[in-house]
Amino acid sequence: MIDYRSDTVTRPTPGMLAFMQSAPVGDDVFGEDPSIISLERITAAKFGMEAGLFCPSGTMTNQLAIKTHTQAGDEVICDELSHIYQYEGGGIAFNSGCSVKLLHGDRGRVTADQVLAGINAEDVHKPITRLVSLENTSNRGGGACYDFNEFKNIKKVTEQHGLALHLDGARLFNALVYKQEAAIEYGNIFDSISICLSKGLGAPVGSVLIGSHSFITKARRWRKVFGGGMRQAGYLAAAGIYAMDYHIERLADDHKNSKILSDVLLTKEFVTSILDVETNIVIATIGGKYSAAQLVATLKEKGVLAIAMTPTQVRFVFHLDITENDLAKTVDIINAL
Ligand SMILES: *Cc1c(COP(=O)(O)O)cnc(C)c1O
């Protein structure tokens, strides 16, 4: 099976596994796991931030960030397609007791004007707006990246209104590679950033939350409360360290391959449109002889796995376990449909 369902499906490479096996470990709840301490430092330093926190999942890093930035009864502003709203099980309400102001952005990206308009006035009837959460790249937006100037504009708004600014950077390295941006610039804009190691970077488990010392100290307490305090998890953190060294530059291959697949799909009569490919995600709108579910079923019979995201949209995601040869086979299969 050639598996395009998600960039989470990768297995550790032999090099990554060997590095994991040789990792020095200790009890991280006691703050004694050298590999976790290194991963947290390396990640924070890349973005010019003070501290990091290793967690089992990107859902946990996002939810910890929301919990740490807010009080129950506050409101969080985000785009309607956001992972924090769509795919975290209602955690904003459950974990933090916050309401959400949804913005209707462009492929998951919002503007500073939209954020400004979403801030509640000082009024006893209204929840207190406390946090703005952005996503780069946008998953439901088909891997779309922000224009960095919009981050600067949004930062001006959040600063003027005393709001915290969080970035769900599950695929931030895809954006950095595609836009050739410097990580350090992101550290200057955001109060907290969540980064997934288990997406395009190819680690089996884990995400890192980065921010100031005081923010991470509070988030570390909440991580324990959420049940995310792990012990000799340095074996997993080592995979993240390895990924940062060896799996970032190669993301450009995924981006190139996504474009190739997109161009082939566009020649088919059953593909009505495709969200312009920027990074490693291809979202095609399906019509004519297949529904999204029928196309996914047909591809599966031929050894290709994809996901029907909505009744009319199929998603393909590239990652390090999809080779050039896999892509060539996929192109032949699609051409024959
Ligand atoms: C995958 C993903 C996450 C985190 O997901 P987990 O499966 O909990 O690690 C967060 N945000 C976005 C945009 C994602 O795509």
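How many salt bridges are there between domain 1 and domain 2? I looked, and the count is one. My cut-off for a salt bridge is a side-chain nitrogen of Lys or Arg within 4 Å of a carboxyl oxygen of Asp or Glu.

Ground rules before going on. I'm working from a predicted model, where local features need pLDDT of at least 70 and side-chain atom pairs count only at pLDDT 80 or more, while totals for chains, interfaces and linings use all residues. Residues are numbered from 1 along each chain as its sequence is written, and side-chain values use heavy atoms, with hydrogens and water left out.

**Entry: the domains.** I looked up the bounds, which come from an automatic or database domain assignment: domain 1 covers 14–246 and domain 2 covers 250–335. I found 28 Å between their C-alpha centres. Domain 1 puts 20 residues into the contact and domain 2 puts in 15, with contact meaning heavy atoms within 4.5 Å. About 1,500 Å² is buried between domain 1 and domain 2, and carbon and sulfur atoms give 55% of that area. Buried area here is the accessible area (1.4 Å probe) that two parts lose on being put together, summed over both.

**Entry: what crosses over.** I checked Glu278 and Arg109, which form a salt bridge with their closest N and O atoms 3.9 Å apart. I also get five residue pairs in polar contact between domain 1 and domain 2, both residues being at pLDDT 80 or more. A polar contact is a pair of N or O atoms within 3.5 Å; within protein, one must be able to donate a hydrogen and the other to accept it, and residues adjacent in sequence count only if both atoms are side-chain atoms.

**Entry: the ligand.** I count 13 residues around the ligand, the closest being Gly58, Thr59, Asp168, Arg171 and Lys199; the cut-off is a heavy atom within 4 Å. Gly58 has a backbone N or O atom 2.8 Å from a ligand oxygen. Asp168 brings a side-chain N or O atom to 2.6 Å from a ligand nitrogen. Arg171 has a polar side-chain atom 3.0 Å from a ligand oxygen.

**Entry: Arg171 again.** What else does the side chain of Arg171 meet in a salt bridge? I find Asp7, at 2.7 Å from N to O. Asp7 lies in the loop between strand 1 (2–3) and helix 1 (14–21), and Arg171 in the loop between strand 6 (164–169) and helix 8, so the pair ties together parts 164 residues apart in sequence. Helices (H or I, at least four residues) and strands (E, at least two) are DSSP runs, numbered from the N terminus.
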